[in-house]
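Thanks for asking me to look this one over. My notes follow as numbered points, with the cut-offs given where each term first comes up.

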Amino acid sequence: MASNSRQHDRRKELFKEIQRLADRAIFGTLSQTYRTCGNPKCRCRRGGPKHGPHLNVSYRSEGKTTGFYVPFDAQEKVRAGVDAWWRLQDCLRELAEMNKTTILEETRGEDE
Ligand SMILES: [Zn+2]
């Protein structure tokens, strides 16, 4: 039964983590671009550093790829949100694996 109580603790931990992550998760893939601007006198047009990074989030919705530009002040939160989304998937997978194991163990032998 020791393993059951350990699993129980792990489930509680996962639920807490899932709630925390879900609260700030953002779905999508990050990409960064650096751009030149329209000002011919700007450093970016004279071999200097380009502007950026400009952060974009893209994702698929109803079969189409779509996305949005992330304003500079939101970059940190959006990065953390996308990271949270992927960590959420890991937590859900671990939980699903436990659910599967439990169901298979509970029903073991019932076909015989
Ligand atoms: Zn420029």
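1. How many bridges join β1 to β2? There are six, and the two strands run antiparallel. Strands here are DSSP runs of E with at least two residues, helices are runs of H or I with at least four residues, and both are numbered from the N terminus. Two strands count as paired if DSSP finds at least two bridges between them. Within this pair, Gln 32 stands opposite Leu 55 in β2, and Arg 35 stands opposite His 51 in β2.

2. A word on the source before going further: this is a predicted model, in which local features need pLDDT of at least 70, side-chain atom pairs count only at pLDDT 80 or more, and totals for chains, interfaces and linings use all residues. Residues are numbered from 1 along each chain as its sequence is written.

3. Strand β2 (residues 51-61) and strand β3 (residues 64-70) are antiparallel and joined by seven bridges. Two residues lie between the strands, and Glu 62 in the turn has a positive phi of about 50°. Ser 61 stands opposite Lys 64 in β3, while Tyr 59 has Thr 66 as its bridge partner in β3.

4. Put together, the three strands make an open sheet in the order β1-β2-β3, with antiparallel pairing. β1 (29-35) and β3 are the edge strands, each pairing on one side only. On average, neighbouring strands of the sheet are turned by 35° against each other, direction ignored. The axes behind such angles are lines fitted to C-alpha atoms, for helices over the stretch in contact, and angles run from 0 to 180 degrees between N-to-C directions.

5. Which helix packs on the sheet? Helix α2 (residues 75-106) does, touching β1, β2 and β3, and its direction makes about 40° with that of β2. Contact means that the C-beta atoms of two residues, placed from the backbone, lie within 7 Å.

6. A residue is buried if 20 or more other C-beta atoms (placed from the backbone) lie within 10 Å of its own, exposed if 12 or fewer, and partly exposed in between. Thr 101 counts as exposed because it has 11 C-beta neighbours inside 10 Å. Glu 105 is exposed too, with 9 other C-beta atoms within 10 Å. The C-alpha atoms of Thr 101 and Arg 46 are separated by 62 Å, at 55 residues apart along the chain. For Glu 105 and Ala 25, 80 residues apart along the chain, the C-alpha separation is 33 Å.

7. Finally, the chain as a whole. Its elements run α-β-β-β-α from the N terminus on. The radius of gyration is 23 Å, well over the 13 Å that the globule rule gives for 112 residues, so the chain is more spread out than a compact globule. That radius is taken over C-alpha atoms, and the rule is 2.2 Å times the number of residues to the power 0.38. Along the principal axes, the C-alpha atoms fill a box of roughly 80 × 30 × 20 Å. Buried residues make up 4% of the 112 residues.
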